[in-house]
Amino acid sequence: MPSSRNDRLAGLKVRIAALEAGTRTAGAVLPFGDPRVDECLPGGGLGLGRWHEFTGEGVEVETAAAAASFVAALARPLAARGQIVWVVRRDDLFAPGLAGLGLPPERVIGVCARDEAEALMVLEDALATVGVVAAVGEVEGVDLTAGRRLQLACERQGATGLVIRRRPYGGVSRRSVGSAAASRWKISPAPSEPLPGEPGLGAPRWRVELERTRGGRAGGWTMELNEASHGAHPFRVVCDLADRGLAPEEPFRRAG
Amino acid sequence: MDEAAAALGLYPGQKAADATALVPGLTIADADPDGDVEALQALGDWCVRYSPAVAPDAPDGLVMDVTGVTHLWGGEAALLDDLIARLAANGIPAKTAIADTVGAAWALARFSDERIAPPGGQGPLLEPLPVAALRLDEESAAQLPRLGLTRIGRLMKLPRAQLTRRFGAGVVLRLDQALGRTEEALAFRRPATPWFERIAFADPISAPEDLARAAADITALLCARLEREGKGARRFEVAFHRLDGKVQVAAAGLSLASRNPARIAKLIAPRLDVIDPGFGIEVVTIVAEAVEPISPRQQRLDADREAAAEEGLAPLIDRLTNRLGEERVWRAGPFESHVPERSVVRRPPLSQHETARPWDPERPRPVRLFRRPEAIEAMAPVPDDPPIQFRWRGRLHRVRRAEGPERIGEEWWKKPIDDVAPDHVRDYYRVEDEAGGRFWIFRAGLYCADVPTKWWLHGLFG
């Protein structure tokens, strides 16, 4: 009796594995071009055909400016392959700013949803569409069911979902729920460092914390925007010790 | 004026006092020309069940272009029978006629018992009618009978030159219009479209799934015709005609012309929720607008796997625009203005348009731009220098690095000269606080020693 049960279990496992293999896209990734980041991510880069979550803290929860600019730069290599649908709930996305980060306006379709449910629905719809290579959604949170739906939509055409967690009009936080995202990042702005002898501000920098990723390791880096003319990868990892200069340590401490 | 009234000896134009004398219990209502026009308009809307081309002909007529639709009723006579019966059922006595020209139909309906003039054969039918049947102005209508010209036949025999000299061009024009020798323009309720289909039901339908199926069926009918003629349309309107004469419309717009019935039916389906079938729907019609030629596409060999980018994107855009509204789905493009909030123009995502000069990459712009700049308290001890610290939303930000100013003036050439003032100049600075947050702030107006300057936060760089 036990042996036949084990056989049946083994048989079921094989069938489940076969079913799962059918829905998974072969592990296409978007590498960051720096081994320090890529080795933390399964497959050596940001998994395409999945969805990823980007959060911020403090005032960023409401404005999500750092996350939006980071995601825009991140999506720059993808824009060459198709359209990017950007779903917002608060209509404050400024196209010239996106263009400055490398997302040309002819590749971005903006959608302003009326509420959270509509934003998720549009996001899901866009991800399942041929010709959409990535969809960015600014939503408050994605619960497990919605997350599973997003994942299925991503797998339809291999589009990548980039979810920016944002409460666009402030207010009380929703209870934090478990999430089905393939990876979860926390983005905060970091002080820029202009080239020696140059006045003003340097290239934008972000403090990037990879909080969780399936099949990978957590990590944290400071990244600087790489100009489009300086290679295919949108970011340059700044060496924490040498490049950070005299920037104060305090703002980077985790709130807990 | 119905038969009951005529039997009592009443006639139009009679004085109210005479009429009350004749019929003591007569109820008198004031004339309501506006109401009449409205009612005629409503009747015109109702008549769309027969043909999309309906023109109200005030004060008491409707002109319908039934070219190419009579076969749907099984002939012209059957159409007229149906129309009369339905009008009578609604308590509207009516007379009808079909002829080649508006003038002839008008004359036959009002002055003749003949209902249908054969093609090109209106002349003999018009001959015995009085000249009033020509829609003449009052003066000619009064003068012609005085000269013995009582019948249209007499008028037709007279030399045209004499007629024109005696009675002006109006009489000849009306005669020509009735006989089809000259054009006549009609103001149709809506432009006549050949892209029209109609399904009538023996039993009225009302179940939601029946409505959906009817919409799908009629879309398929029209799309088959579009397909045959190599055309597609960008707007479809399905009208549901209720038993009580009310019409309800479900419409769907597309960003690219299409004739894919499944796709169009899918766009219309969500609109059916608001259709109230009442006692039942007896007729469904569909009209396609913005019809344009589209070339048939070669099916790809690997069609099930891949489609052209437009094929996938266009249905998505259509779904979103129909669901959220046109202003909520856009593609941003540059607009030639240096005022930041005016430098972006939003267009429908798939529309073709000429591109303006792109935004200047040398002038960094924030990724978030507030619709209304937010007031900040800034401390800027040095004139024309960025502030050293500012307070935004109750939090103090110490400025670590700054660049600017970028002076942006108002578009003074668009305003009356009195409204132009130096206070409207904005000096923008890009500043970074100690935590790395990058802000786009500006000082309103020029620096002035004795007036406190106002600072605003307009956007956020990430």
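Two strands pair if DSSP finds at least two bridges between them. With that in mind, let us look at some close-ups of this predicted model.

**View 1. Strands β4 and β5 of chain B lie side by side as an antiparallel pair.**
Strand β4 of chain B covers residues 231-242, and eight bridges join β4(B) to β5(B). To find your place along the pair, look for A239(B), which stands opposite V249(B) in β5(B). Strands of a sheet pair through backbone hydrogen bonds, either parallel or antiparallel.

**View 2. The pair belongs to an open sheet of four strands in chain B.**
Reading across the sheet, you meet β3, β6, β4 and β5 of chain B in that order, with antiparallel pairing. Which strands are at the edges? They are β3 (196-205) and β5 (247-258) of chain B, and each of them pairs on one side only. On average, neighbouring strands in this sheet are turned by 15° against each other, direction ignored.

**View 3. Helix α12 of chain B packs on the sheet.**
This helix spans residues 261-268 and touches β4 and β5 of chain B. Compare the directions of α12(B) and β5(B): the angle between them is about 130°.

**View 4. Helices α11 and α12 of chain B cross each other.**
Helix α11 of chain B runs through residues 208-228, and its axis comes within 9 Å of the axis of α12(B). The two axes cross at roughly 140°. Why are these helices called oblique? Angles over 145 degrees would count as roughly antiparallel and those from 65 to 115 as roughly perpendicular, so the roughly 140° crossing makes α11(B) and α12(B) oblique to each other. The crossing is right-handed. From α11(B), the residues A215(B), A216(B), T219(B), A220(B) and C223(B) meet P261(B), I264(B), A265(B) and I268(B) of α12(B). Sorted by class, this contact has eight nonpolar residues, one polar residue and no charged ones.

**View 5. Chain B meets chain A.**
Here, 43 residues of chain B are in contact with 44 residues of chain A. Several elements of chain B give two or more residues to this side, including β9 (368-379), β11 (395-408) and β14 (454-461). Which element provides the largest share? That is α13(B), with eight residues. The side of chain B that touches chain A has 21 nonpolar, seven polar and 15 charged residues.

**View 6. A strand of chain A pairs with a strand of chain B.**
Strand β5 of chain A (residues 108-112) and β7(B) form an antiparallel pair over two bridges. One spot to look for is G110(A), whose bridge partner in β7(B) is W330(B).

Definitions and conventions: Residues are numbered from 1 along each chain as its sequence is written. Chains are lettered from A and ligands numbered from 1 in the order in which they are written. This is a predicted model: local features need pLDDT of at least 70, side-chain atom pairs count only at pLDDT 80 or more; totals for chains, interfaces and linings use all residues. Axes are lines fitted to C-alpha atoms, for helices over the stretch in contact, and angles run from 0 to 180 degrees between N-to-C directions. Two residues are in contact if their C-beta atoms, placed from the backbone, lie within 7 Å. Angles under 35 degrees count as roughly parallel, over 145 as roughly antiparallel, 65 to 115 as roughly perpendicular and the rest as oblique. A crossing is left-handed if the near helix is turned anticlockwise from the far one by less than a right angle, and right-handed if clockwise. Ala, Val, Leu, Ile, Met, Phe, Trp, Tyr, Cys and Pro count as nonpolar, Asp, Glu, Lys and Arg as charged, and the others, Gly among them, as polar.
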